Amino acid sequence: MNAAAPNIADSVGAVTPVDVHFDAPLRLKSGATMPQYDLRYETYGTLNAQRSNAILVCHALNASHHVAGWYASDPRDIGWWDNLIGPGKPVDTNRFFVVGVNNLGGCHGSTGPASVNPATGRPWGADFPVVTVDDWVEAQARLATHLGIERFAAVIGGSLGAMQALQWTMTYPDRVGLALVSAGAPKLSAQNIAFNEVARQAITTDPDFHGGNYYEHGVVPRRGLRLARMLGHITYLSDDAMAEKFGRELRGGEFKFGFDVEFEIESYLRYQGDKFSTYFDANTYLRITKALDYFDPAFEHGGNLSAALKGARSRYLVVSFTSDWRFSPARSREIVKALLDNRLNVTYAEIDAPHGHDAFLMDDPRYHALIRATMESLPQ
Amino acid sequence: MNSALPARSDFNAIAGWIKPGAHVLDLGCGDGSLLRFLKEARNATGYGVDIADDNVLACVKNGIDVIQSDLEAGLSGFDSGSFDCVILSQTLQAMKHTERLLKEILRVGREGIVSFPNFGYWRARLQLMGGHMPVSKELPYQWYDTPNIHLFTLADFEKFCRGHGVRILERVVLAGGQSVTTWPNMFGALAVYRLDRTGGAAPVSA
């Protein structure tokens, strides 16, 4: 084993992603059809003989199928929810078979706007259809079937991942034992959509965007992506967390009366923006923010979320975080109310955490103890 | 709340009033043991409500669905008439907004069950006559560390009900786990009431 590898006992260790090709066309909610597509996924643990111990992890805006463990080629590339998933961890891979998948339209290996459109032989670019949470659930369900999983013991996710977990219990009520809906919302608010629109405008007005077909120009709308990410980061943190982490700290210790980086928060945002713009695809960012905007399962039921959940039969663990102002506890309580109306099995926890929306990724002991106890309560 | 109390003697009285298969909300549910008891003894369904992180976790470990919420903020997350019974077991005396909570209980539940320690119990009266605030099995705290901020007697509670449109359907008074029928306000340590709203059941939500 690589000496630099974070070879700790509770890691799933070095992992390898797998690609699977689907030939059957997928009709999307928009009416468009994906004639064929690939999904990239990772699995940890072992699927038992009854195939009853599988857990699906749904990712949020910028994450991927790489949920736990690390890559032998890059031991520092640790999965985004590694603190939760592994041997002996709250989602215990000694017991569960965990599946992470990069969503359709993504930029981490699954078919997305940067992939080659077989019809033209060129990257999809602007022609790649708009995908929705429903479409992702459909594609994930096909992956499950491919893996021989008829029913997931649990489908788990935070933020946009929570929306997918919730949608699973509506689209496939018999295929989900429990849904973990962490830092979620039943739909975006006008303010949420507004933030997404500013991010999209940053990207689409970048001169390097070329109407979405920047691949053939050999450029990337890096400035737009960078701004989109900086804006995103502001909304992921609470005011308190930002004050705690950065305050008004000055890098040079004094005002320079110029426009270079002076405050630490400026440095942080620029760093995050720069990093993001080197690896994330702008067309994917546009589509994922659209998927967020369109998510509204109550819409087809006259705005009644309780009616949308009428056919649901899963158990739910709904978790919110007090300092999350992007998807505040009130939004989670809307979900809980609809579950109560249907007399479904639900536990709701409101964790008093200072980290803002990002709290769902942290290893807060109360949060993790709750997930651990819930996972332990799943039928063997 | 008050889960430190040994052998919650009101459990049996409460279970006796819960119809088989009833949908129940248990406010201040602690570790969920009452709901678990009602699930097993009465095949009841429902949820606990508690504000404390450790109680929420204990409920999950106990197999009880729980909603983390502050009762002082009311029950706005629950529809009118959505439960057959809303239970408040040995919690009322620790609540700040007594009137509002009782009103909310009878809005959300078709019936309510409320239990509380009787401050009029003769031992309490004796301790007070001796010059000290009562400390007992039912009131196990010292004056400076008690969560109980509203101390009252059976007579006080019944007067409150009369003045607030609350109808008392049944009452069980206990001392040392035994039923008390003679001079209950003097000889009862713990009271359990089954209530509804004067003029019939709470309106079912639209």
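**Ground rules**

I number residues from 1 along each chain as its sequence is written, and I letter chains from A and number ligands from 1 in the order in which they are written. Since this is a predicted model, local features need pLDDT of at least 70, side-chain atom pairs count only at pLDDT 80 or more, and totals for chains, interfaces and linings use all residues, while side-chain values use heavy atoms, with hydrogens and water left out.

**Entry 1: confidence**

I started with the scores for the complex, and the predictor gives an ipTM of 0.94 and a pTM of 0.94. Next I looked up pLDDT, the predictor's confidence in each residue, from 0 to 100. Chain B averages 91, and 93% of the residues score at least 70. I noted residues 1-7 of chain B, where pLDDT stays under 50 and the model has 18 contacts beyond four places in sequence; a contact means heavy atoms within 4.5 Å. Residues 201-206 of chain B are also below 50, and this stretch has eleven contacts beyond near neighbours in sequence.

**Entry 2: salt bridges**

I counted a salt bridge when a side-chain nitrogen of Lys or Arg is within 4 Å of a carboxyl oxygen of Asp or Glu. Over all chains, the structure holds 26 of them.

I picked Asp19(A) and Arg40(A) to begin with, and their side chains meet at 2.7 Å, N to O. Asp19(A) is in strand 1 (residues 18-22) and Arg40(A) in strand 4 (residues 37-44) of chain A, so the partners are 21 residues apart; helices (H or I, at least four residues) and strands (E, at least two) are DSSP runs, numbered from the N terminus. For accessibility I used a 1.4 Å probe and protein chains only, with buried under 20% relative accessible area, exposed over 50% and partly exposed in between. Asp19(A) is partly exposed because its relative accessibility is 43%, and Arg40(A) is partly exposed at 25%.

Then I checked Glu150(A) and Arg175(A), whose closest N and O atoms are 3.9 Å apart. Glu150(A) is exposed at 56%, whereas Arg175(A) is buried at 10%.

**Entry 3: helix packing**

I took axes as lines fitted to C-alpha atoms, for helices over the stretch in contact, with angles from 0 to 180 degrees between N-to-C directions. Helix 4 (residues 222-236) and helix 6 of chain A have axes that come within 8 Å and cross at roughly 130 degrees. That makes helix 4 of chain A oblique to helix 6 of chain A, because angles under 35 degrees count as roughly parallel, over 145 as roughly antiparallel, 65 to 115 as roughly perpendicular and the rest as oblique. Among the residues that meet here are Leu225(A) and Met230(A) in helix 4 and Leu269(A) and Phe276(A) in helix 6 of chain A.

Helix 1 and helix 2 of chain A pack at about 70 degrees, with their axes 9 Å apart. That makes helix 1 of chain A roughly perpendicular to helix 2 of chain A. I noted Trp136(A) and Val137(A) in helix 1 and Met163(A) and Trp168(A) in helix 2 among the residues that meet.
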